[in-house]
Amino acid sequence: RSRLGESLVGRRVVCFERTDSTNLQALRLAEQGAEEGTVLIAEAQDAGKGRLGRSWLSPPGVNLYTSIILRPEIPPWDAPQMTFLAAMAVVRAVEEVCALSPRVKWPNDLLLGGRKVAGLLSELSADMDRVRAVVLGIGLNVNMSPEQIPSTLRYPATSLAIEGGRNYSRIDLACAICRHLDALYRLYRERGFEPVRLAWEANCDLIGRRVEVSCGEGTLRGRVRGIDGDGALLLDGPGGGVERILAGDVRPLGT
Ligand code: BTN
């Protein structure tokens, strides 16, 4: 805590030896009025949540499982923007602590060497027209060894240790994420989403590439143009039109 100085993010830290899910606990604390900037960290999770109802493998001792409560004064439809803030905070923390450069993958993954190293899950407590709290959940594979990565995952996964060839301090990473998120959140409140959107696009390898997206409407193909002000994925479709996708899974196709 003392390493975070004036940072609003991390002004209160709640640690669990084990919990069901730091996101569930954070939503519970947020409903009870927990202050903005409260950070929850667990050594292990029994019911780690992934996107689209999937689970997030959370073995003890090796990785970072954290959830951060923010209370931005925004309408609920702007809340997806916060996931991109969190993604950029993790990118910058990993660059700083590990000298590795993760790439972002829409909507909420971080990749190293093309394999998933982190996932983000933001959840909302909101009224019709006002956000009460956003919970930013971050799962970062830090010191997991290749043997600890299950072969049954739907996607190739990796860890910082596998990519960097050494182990890293989870506390250093957690502090760096708090500091970078704090700085990005200040920027967001002063200048809006645009600087964060541009930073995210600059760290995305799929811009200009052909992809296939599976989403509610089925499967769409096109060339990635970027993300818009709502965090939706923009695809240049074959007929010259632009497709706007709010949720789905992206897979690169050739060139
Ligand atoms: C995904 O890629 O599907 C998102 C994974 C998010 C996992 C993190 S771990 C900390 C926080 N608590 C949870 O239950 N989930 C998020």
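Let me begin with a question: in the loop between which two strands is the place of Pro-107? Pro-107 sits in the loop between strand 4 (103–105) and strand 5 (109–112), where helices (H or I, at least four residues) and strands (E, at least two) are DSSP runs numbered from the N terminus. The peptide bond leading from Trp-106 into Pro-107 is cis, with omega near 0 degrees.

Before going further, please keep in mind that this is a predicted model, in which local features need pLDDT of at least 70 and side-chain atom pairs count only at pLDDT 80 or more, while totals for chains, interfaces and linings use all residues. Residues are numbered from 1 along each chain as its sequence is written.

Let me turn to the ligand. There are 21 residues around the ligand, and those that come nearest are Ser-21, Gly-50, Gly-119, Gly-137 and Gly-139; a residue is taken as near a molecule or strand if its C-beta atom, placed from the backbone, lies within 6 Å of it. Helix 1 (22–31), strand 3, strand 6 (115–126) and strand 7 (131–140) each supply at least two residues of this shell. By type, the shell divides into five nonpolar, twelve polar and four charged residues, where Ala, Val, Leu, Ile, Met, Phe, Trp, Tyr, Cys and Pro count as nonpolar, Asp, Glu, Lys and Arg as charged, and the others, Gly among them, as polar.

The UniProt record, an unreviewed entry, places the feature "binding site" at Ser-21, Thr-22, Asn-23, Gln-45 and Lys-116; UniProt positions are given in the numbering used here, feature names are shortened, and annotations may be inferred rather than shown by experiment. Of these, Ser-21 lies in the loop between strand 1 (12–16) and helix 1, whereas Asn-23 lies in helix 1.

Why does Ser-21 count as buried? Ser-21 counts as buried because it has 23 C-beta neighbours inside 10 Å, and the cut-offs are 20 or more other C-beta atoms within 10 Å for buried, 12 or fewer for exposed, and partly exposed in between, with C-beta atoms placed from the backbone. Asn-23 is also buried, with 26 other C-beta atoms within 10 Å. Leaving aside neighbours within four places in sequence, Ser-21 is in contact (C-beta atoms, placed from the backbone, within 7 Å) with Gln-45, Ala-47, Gly-48 and Lys-49. With residues up to four places away again not counted, Asn-23 touches Lys-49, Ser-67, Leu-121, Glu-123, Val-135 and Gly-137.

Helix 2 (81–98) is mostly covered, since 16 of its 18 residues are buried. In the loop between strand 3 (64–70) and helix 2 we find Trp-77, which is exposed, with 11 other C-beta atoms within 10 Å. Trp-77 and Val-131 are 54 residues apart in sequence, and their C-alpha atoms are 9.0 Å apart in space. Just after helix 2, Ala-99 takes a positive phi of about 55 degrees, and Ala-99 counts as exposed, with 8 C-beta neighbours inside 10 Å.

Key:
Contact = placed C-beta atoms within 7 Å.
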